[in-house]
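Come along and check each entry against the picture.

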Amino acid sequence: MRLTDRVALVTGASRGIGRSIALALAREGAAVAVNYRSRHQDARSVVAEIEALGGRAVAVAADVADPAAAARLVARTRTDLGGLHILVNNAGITDDGLIHDLSPDAWLDVMKVNFGGAYHCTSAVTEHFMAERDGAIVNISSVMGERGWIGQSAYAASKGALNALTRSAAVELARFGVRVNAVCAGFTPTELTGPLLDGPSGRAIRRQVPLRSFADPSQIAAVALFLAGPDSGYLTGALVRADGGFAAQLGTGHA
Ligand code: NAP
(Lines give C-alpha, C1' and ligand atoms only; values in the text may rest on other atoms or scores of the structure.)
Protein backbone atom coordinates (compact mmCIF):
# COMPACT_ATOMS: atom_id res chain seq x y z
CA MET A 1 0.00 0.00 0.00
CA ARG A 2 1.47 3.32 -1.13
CA LEU A 3 -0.59 5.72 1.00
CA THR A 4 -0.64 4.22 4.49
CA ASP A 5 -0.89 6.98 7.14
CA ARG A 6 -1.91 9.57 4.53
CA VAL A 7 -5.17 11.50 4.72
CA ALA A 8 -6.95 12.64 1.55
CA LEU A 9 -9.84 15.01 0.88
CA VAL A 10 -11.72 14.39 -2.37
CA THR A 11 -14.30 17.01 -3.32
CA GLY A 12 -17.40 15.80 -5.15
CA ALA A 13 -16.73 12.19 -4.15
CA SER A 14 -20.33 11.01 -3.75
CA ARG A 15 -20.48 9.66 -7.32
CA GLY A 16 -18.80 9.55 -10.73
CA ILE A 17 -15.07 10.14 -11.05
CA GLY A 18 -14.71 11.48 -7.48
CA ARG A 19 -16.15 8.28 -6.04
CA SER A 20 -13.62 6.20 -8.02
CA ILE A 21 -10.78 8.43 -6.83
CA ALA A 22 -11.86 8.12 -3.18
CA LEU A 23 -11.96 4.32 -3.49
CA ALA A 24 -8.59 4.18 -5.29
CA LEU A 25 -6.93 6.28 -2.57
CA ALA A 26 -8.53 4.14 0.15
CA ARG A 27 -7.33 0.90 -1.50
CA GLU A 28 -3.79 2.26 -1.18
CA GLY A 29 -4.31 2.85 2.56
CA ALA A 30 -5.31 6.53 2.74
CA ALA A 31 -8.05 7.73 5.08
CA VAL A 32 -10.51 9.69 2.94
CA ALA A 33 -12.89 12.61 3.48
CA VAL A 34 -15.72 12.11 0.98
CA ASN A 35 -17.10 15.55 0.19
CA TYR A 36 -20.47 16.08 -1.47
CA ARG A 37 -22.89 18.95 -1.95
CA SER A 38 -26.36 17.42 -1.52
CA ARG A 39 -26.37 13.62 -2.05
CA HIS A 40 -25.83 12.47 1.51
CA GLN A 41 -26.87 8.85 0.90
CA ASP A 42 -24.48 8.48 -2.04
CA ALA A 43 -21.61 9.85 0.03
CA ARG A 44 -22.53 7.53 2.91
CA SER A 45 -22.36 4.51 0.54
CA VAL A 46 -18.86 5.50 -0.57
CA VAL A 47 -17.85 5.70 3.10
CA ALA A 48 -19.41 2.28 3.69
CA GLU A 49 -17.49 0.81 0.71
CA ILE A 50 -14.23 2.18 2.11
CA GLU A 51 -15.00 0.82 5.56
CA ALA A 52 -15.78 -2.57 4.02
CA LEU A 53 -12.25 -2.51 2.57
CA GLY A 54 -10.94 -1.99 6.10
CA GLY A 55 -10.28 1.72 5.57
CA ARG A 56 -11.26 4.94 7.33
CA ALA A 57 -13.55 7.56 5.79
CA VAL A 58 -16.00 10.33 6.66
CA ALA A 59 -18.67 12.00 4.55
CA VAL A 60 -18.58 15.80 4.75
CA ALA A 61 -21.18 18.07 3.17
CA ALA A 62 -19.91 21.40 1.81
CA ASP A 63 -20.53 23.59 -1.19
CA VAL A 64 -16.98 24.26 -2.35
CA ALA A 65 -18.11 27.35 -4.25
CA ASP A 66 -18.49 29.01 -0.85
CA PRO A 67 -15.05 29.95 0.56
CA ALA A 68 -16.17 29.70 4.20
CA ALA A 69 -17.68 26.25 3.57
CA ALA A 70 -14.46 25.11 1.85
CA ALA A 71 -12.43 26.27 4.88
CA ARG A 72 -14.78 24.38 7.23
CA LEU A 73 -14.49 21.27 5.02
CA VAL A 74 -10.70 21.29 5.31
CA ALA A 75 -10.83 21.93 9.07
CA ARG A 76 -13.36 19.12 9.57
CA THR A 77 -11.19 16.68 7.56
CA ARG A 78 -8.16 17.46 9.70
CA THR A 79 -10.12 17.08 12.95
CA ASP A 80 -12.01 13.92 12.01
CA LEU A 81 -9.17 12.08 10.26
CA GLY A 82 -6.20 13.48 12.18
CA GLY A 83 -4.33 15.27 9.38
CA LEU A 84 -4.37 16.11 5.69
CA HIS A 85 -1.80 15.34 2.99
CA ILE A 86 -3.71 15.03 -0.29
CA LEU A 87 -6.36 17.33 -1.77
CA VAL A 88 -8.21 16.24 -4.91
CA ASN A 89 -10.23 19.09 -6.41
CA ASN A 90 -12.76 17.04 -8.33
CA ALA A 91 -16.17 18.70 -7.70
CA GLY A 92 -17.52 20.01 -10.98
CA ILE A 93 -20.66 20.97 -12.85
CA THR A 94 -21.53 21.96 -16.37
CA ASP A 95 -24.24 24.13 -17.87
CA ASP A 96 -23.98 23.80 -21.61
CA GLY A 97 -25.45 26.30 -24.05
CA LEU A 98 -24.62 28.57 -26.92
CA ILE A 99 -22.90 31.79 -25.90
CA HIS A 100 -25.81 34.01 -26.92
CA ASP A 101 -28.27 31.86 -24.92
CA LEU A 102 -26.33 31.27 -21.72
CA SER A 103 -27.30 33.62 -18.88
CA PRO A 104 -24.60 35.43 -16.90
CA ASP A 105 -25.71 33.48 -13.81
CA ALA A 106 -25.18 30.18 -15.63
CA TRP A 107 -21.55 30.77 -16.65
CA LEU A 108 -20.77 32.32 -13.29
CA ASP A 109 -22.11 29.27 -11.42
CA VAL A 110 -19.91 26.97 -13.52
CA MET A 111 -16.91 29.18 -12.81
CA LYS A 112 -17.71 29.40 -9.09
CA VAL A 113 -17.72 25.60 -8.66
CA ASN A 114 -15.10 24.40 -11.18
CA PHE A 115 -12.53 27.14 -10.68
CA GLY A 116 -13.72 28.79 -7.44
CA GLY A 117 -14.13 25.47 -5.60
CA ALA A 118 -10.57 24.40 -6.46
CA TYR A 119 -9.22 27.82 -5.57
CA HIS A 120 -11.00 27.95 -2.19
CA CYS A 121 -9.94 24.43 -1.19
CA THR A 122 -6.36 25.04 -2.32
CA SER A 123 -6.33 28.28 -0.34
CA ALA A 124 -7.71 26.47 2.72
CA VAL A 125 -5.00 23.74 2.70
CA THR A 126 -1.93 25.82 1.85
CA GLU A 127 -1.06 27.08 5.34
CA HIS A 128 -1.09 23.53 6.73
CA PHE A 129 0.71 21.99 3.70
CA MET A 130 3.38 24.72 3.76
CA ALA A 131 3.95 24.33 7.50
CA GLU A 132 4.28 20.54 7.10
CA ARG A 133 6.43 20.99 3.96
CA ASP A 134 4.36 18.16 2.54
CA GLY A 135 1.26 17.86 0.41
CA ALA A 136 -0.09 16.92 -3.01
CA ILE A 137 -2.91 18.69 -4.80
CA VAL A 138 -4.58 17.03 -7.79
CA ASN A 139 -7.02 19.03 -9.91
CA ILE A 140 -9.50 17.14 -12.08
CA SER A 141 -9.51 19.15 -15.27
CA SER A 142 -10.68 18.31 -18.75
CA VAL A 143 -9.51 18.13 -22.34
CA MET A 144 -12.01 20.98 -22.82
CA GLY A 145 -9.64 23.26 -20.90
CA GLU A 146 -7.43 23.38 -23.97
CA ARG A 147 -9.84 22.66 -26.79
CA GLY A 148 -13.08 24.17 -28.11
CA TRP A 149 -16.51 22.51 -28.37
CA ILE A 150 -19.88 23.94 -29.36
CA GLY A 151 -21.97 24.85 -26.30
CA GLN A 152 -19.17 24.37 -23.77
CA SER A 153 -17.72 27.88 -23.55
CA ALA A 154 -18.42 28.25 -19.81
CA TYR A 155 -17.22 24.76 -18.90
CA ALA A 156 -14.12 24.99 -21.13
CA ALA A 157 -13.22 28.42 -19.71
CA SER A 158 -13.58 27.11 -16.15
CA LYS A 159 -11.21 24.22 -16.92
CA GLY A 160 -8.78 26.56 -18.72
CA ALA A 161 -8.75 28.64 -15.53
CA LEU A 162 -8.17 25.48 -13.48
CA ASN A 163 -5.19 24.60 -15.69
CA ALA A 164 -3.75 28.10 -15.14
CA LEU A 165 -4.30 27.74 -11.39
CA THR A 166 -2.51 24.37 -11.48
CA ARG A 167 0.59 25.88 -13.09
CA SER A 168 0.75 28.97 -10.87
CA ALA A 169 0.02 27.11 -7.63
CA ALA A 170 2.70 24.54 -8.55
CA VAL A 171 5.32 27.25 -9.02
CA GLU A 172 4.24 29.11 -5.87
CA LEU A 173 4.16 26.06 -3.59
CA ALA A 174 7.14 24.07 -4.93
CA ARG A 175 9.58 25.68 -2.50
CA PHE A 176 7.45 24.33 0.36
CA GLY A 177 7.59 20.78 -0.96
CA VAL A 178 3.97 20.89 -2.09
CA ARG A 179 3.14 19.50 -5.55
CA VAL A 180 0.20 20.58 -7.71
CA ASN A 181 -0.81 18.66 -10.84
CA ALA A 182 -3.92 18.10 -12.95
CA VAL A 183 -5.56 15.27 -14.82
CA CYS A 184 -7.11 16.47 -18.08
CA ALA A 185 -9.80 13.85 -18.42
CA GLY A 186 -11.54 12.89 -21.62
CA PHE A 187 -15.11 11.70 -22.14
CA THR A 188 -16.22 9.59 -19.15
CA PRO A 189 -19.85 8.49 -18.91
CA THR A 190 -21.25 9.86 -15.61
CA GLU A 191 -24.26 11.91 -14.61
CA LEU A 192 -22.32 15.01 -15.69
CA THR A 193 -22.18 13.90 -19.32
CA GLY A 194 -25.77 12.61 -19.16
CA PRO A 195 -27.26 11.33 -22.43
CA LEU A 196 -24.56 13.00 -24.60
CA LEU A 197 -22.44 9.84 -24.63
CA ASP A 198 -25.37 7.47 -25.27
CA GLY A 199 -26.96 6.47 -28.58
CA PRO A 200 -26.07 8.08 -31.92
CA SER A 201 -24.37 11.17 -30.43
CA GLY A 202 -22.22 8.92 -28.26
CA ARG A 203 -21.25 6.74 -31.23
CA ALA A 204 -20.32 9.83 -33.27
CA ILE A 205 -18.14 11.21 -30.48
CA ARG A 206 -16.53 7.81 -29.78
CA ARG A 207 -15.42 7.57 -33.42
CA GLN A 208 -13.37 10.74 -32.85
CA VAL A 209 -11.48 9.26 -29.89
CA PRO A 210 -8.28 7.58 -31.17
CA LEU A 211 -8.63 4.70 -28.66
CA ARG A 212 -12.29 4.33 -29.80
CA SER A 213 -13.69 4.12 -26.26
CA PHE A 214 -14.84 6.37 -23.46
CA ALA A 215 -13.01 6.30 -20.13
CA ASP A 216 -14.17 4.30 -17.17
CA PRO A 217 -14.02 6.49 -14.01
CA SER A 218 -11.44 4.06 -12.61
CA GLN A 219 -9.07 4.95 -15.48
CA ILE A 220 -9.18 8.63 -14.52
CA ALA A 221 -8.82 7.66 -10.85
CA ALA A 222 -5.65 5.68 -11.64
CA VAL A 223 -3.97 8.82 -12.98
CA ALA A 224 -5.18 10.91 -10.02
CA LEU A 225 -3.80 8.24 -7.66
CA PHE A 226 -0.41 8.40 -9.40
CA LEU A 227 -0.33 12.21 -9.09
CA ALA A 228 -1.36 12.04 -5.41
CA GLY A 229 1.26 9.47 -4.41
CA PRO A 230 5.02 9.08 -4.08
CA ASP A 231 5.57 7.67 -7.59
CA SER A 232 5.03 11.15 -9.08
CA GLY A 233 7.43 12.81 -6.62
CA TYR A 234 9.23 14.79 -9.36
CA LEU A 235 6.04 16.02 -11.11
CA THR A 236 4.60 19.43 -10.39
CA GLY A 237 2.69 21.83 -12.63
CA ALA A 238 1.93 18.92 -14.98
CA LEU A 239 -1.33 18.67 -16.91
CA VAL A 240 -1.61 14.95 -17.61
CA ARG A 241 -4.05 13.94 -20.32
CA ALA A 242 -6.18 10.83 -19.83
CA ASP A 243 -8.36 11.16 -22.90
CA GLY A 244 -7.80 8.19 -25.19
CA GLY A 245 -5.66 10.40 -27.44
CA PHE A 246 -8.48 12.87 -28.11
CA ALA A 247 -6.50 16.08 -27.60
CA ALA A 248 -3.43 14.77 -29.42
CA GLN A 249 -5.04 14.79 -32.82
CA LEU A 250 -5.67 17.56 -35.33
CA GLY A 251 -8.61 15.68 -36.86
CA THR A 252 -9.76 12.13 -37.42
CA GLY A 253 -7.74 11.88 -40.61
CA HIS A 254 -10.83 11.10 -42.73
CA ALA A 255 -12.28 13.49 -45.28
P1 NAP B 1 -20.75 13.90 -11.57
O2 NAP B 1 -20.94 12.46 -11.74
O3 NAP B 1 -21.83 14.85 -11.99
O4 NAP B 1 -20.39 14.18 -10.03
C5 NAP B 1 -20.20 15.49 -9.58
C6 NAP B 1 -19.77 15.48 -8.13
O7 NAP B 1 -19.48 16.83 -7.73
C8 NAP B 1 -20.86 14.99 -7.18
O9 NAP B 1 -20.22 14.29 -6.13
C10 NAP B 1 -21.48 16.29 -6.64
O11 NAP B 1 -22.05 16.16 -5.33
C12 NAP B 1 -20.24 17.16 -6.58
N13 NAP B 1 -20.50 18.59 -6.59
C14 NAP B 1 -21.10 19.33 -7.56
N15 NAP B 1 -21.12 20.62 -7.20
C16 NAP B 1 -20.53 20.70 -5.98
C17 NAP B 1 -20.26 21.76 -5.09
N18 NAP B 1 -20.61 23.03 -5.37
N19 NAP B 1 -19.65 21.48 -3.91
C20 NAP B 1 -19.28 20.20 -3.60
N21 NAP B 1 -19.51 19.16 -4.43
C22 NAP B 1 -20.13 19.41 -5.59
O23 NAP B 1 -19.44 14.44 -12.35
P24 NAP B 1 -18.15 13.66 -12.92
O25 NAP B 1 -18.36 13.40 -14.35
O26 NAP B 1 -17.76 12.56 -12.01
O27 NAP B 1 -17.08 14.83 -12.85
C28 NAP B 1 -16.10 14.94 -11.83
C29 NAP B 1 -15.02 15.93 -12.30
O30 NAP B 1 -14.43 15.42 -13.49
C31 NAP B 1 -15.57 17.30 -12.65
O32 NAP B 1 -14.68 18.30 -12.25
C33 NAP B 1 -15.66 17.26 -14.16
O34 NAP B 1 -15.59 18.55 -14.74
C35 NAP B 1 -14.43 16.43 -14.48
N36 NAP B 1 -14.47 15.81 -15.80
C37 NAP B 1 -15.48 14.97 -16.14
C38 NAP B 1 -15.48 14.43 -17.42
C39 NAP B 1 -16.56 13.47 -17.86
O40 NAP B 1 -16.61 13.18 -19.08
N41 NAP B 1 -17.42 12.98 -16.97
C42 NAP B 1 -14.47 14.74 -18.34
C43 NAP B 1 -13.47 15.61 -17.94
C44 NAP B 1 -13.47 16.13 -16.67
P45 NAP B 1 -23.61 15.68 -5.11
O46 NAP B 1 -23.65 14.21 -5.49
O47 NAP B 1 -23.87 15.88 -3.66
O48 NAP B 1 -24.44 16.52 -6.02
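Predicted model: local features only at pLDDT ≥ 70, side-chain atom pairs only at ≥ 80, totals over all residues.

**Entry 1: T126.** I then looked up where T126 sits, and found it in helix α4, which covers residues 104–132. Next I checked the side chain of T126: one of its polar atoms lies 2.9 Å from the backbone oxygen of S123.

**Entry 2: α4 beside α5.** Staying with α4, I asked at what angle its axis and that of α5 cross. I read off roughly 15 degrees, with the axes of α4 and helix α5 (residues 153–173) coming within 8 Å. Angles under 35 degrees count as roughly parallel, so I wrote down α4 as roughly parallel to α5. I noted the crossing of α4 and α5 as right-handed. Then I looked up who makes the contact: my T126 is there on the α4 side, and other α4 residues include W107, F115, Y119 and M130. From α5 I found, among them, Y155, K159, L162, L165 and L173. Sorting the contact of α4 with α5 by class, I got 14 nonpolar, three polar and one charged residues.

**Entry 3: α1 beside α7.** I turned to another pair, helix α1 (residues 16–27) and helix α7 (residues 217–228). Their axes are 8 Å apart, and the packing angle is about 50 degrees. That angle makes α1 oblique to α7. I noted a right-handed crossing for α1 and α7. On the α1 side, the contact is made by G16, I17, S20, I21, A24 and L25. On the α7 side, I listed P217, S218, I220, A221, A224, L225 and A228. How do the residues of this contact of α1 with α7 divide by class? I found ten nonpolar, three polar and no charged.

**Entry 4: H85.** Last, I moved to a loop: H85 lies between α3 (67–81) and β4 (86–89). H85 has a relative accessible area of 17%, so I marked H85 as buried. Which residues is H85 in contact with, leaving aside its neighbours within four places in sequence? My list reads D5, R6, V7, F129, D134, G135 and A136. Do find H85 in the picture and trace these partners yourself.

How values were computed:
Residues numbered from 1 in each chain as written. Heavy atoms only, no water. Helix = DSSP H or I, 4+ residues; strand = E, 2+ residues; numbered from the N terminus. Polar contact = N/O pair within 3.5 Å; in protein donor to acceptor, adjacent residues only side chain to side chain. Axes fitted to C-alpha atoms, helices over the stretch in contact; angles between N-to-C directions. Parallel < 35°, antiparallel > 145°, perpendicular 65-115°, else oblique. Left-handed = near helix turned anticlockwise from the far one by under 90°. Contact = heavy atoms within 4.5 Å. Nonpolar A, V, L, I, M, F, W, Y, C, P; charged D, E, K, R; others polar. Buried < 20%, exposed > 50% of the residue type's maximum accessible area, 1.4 Å probe, protein only.
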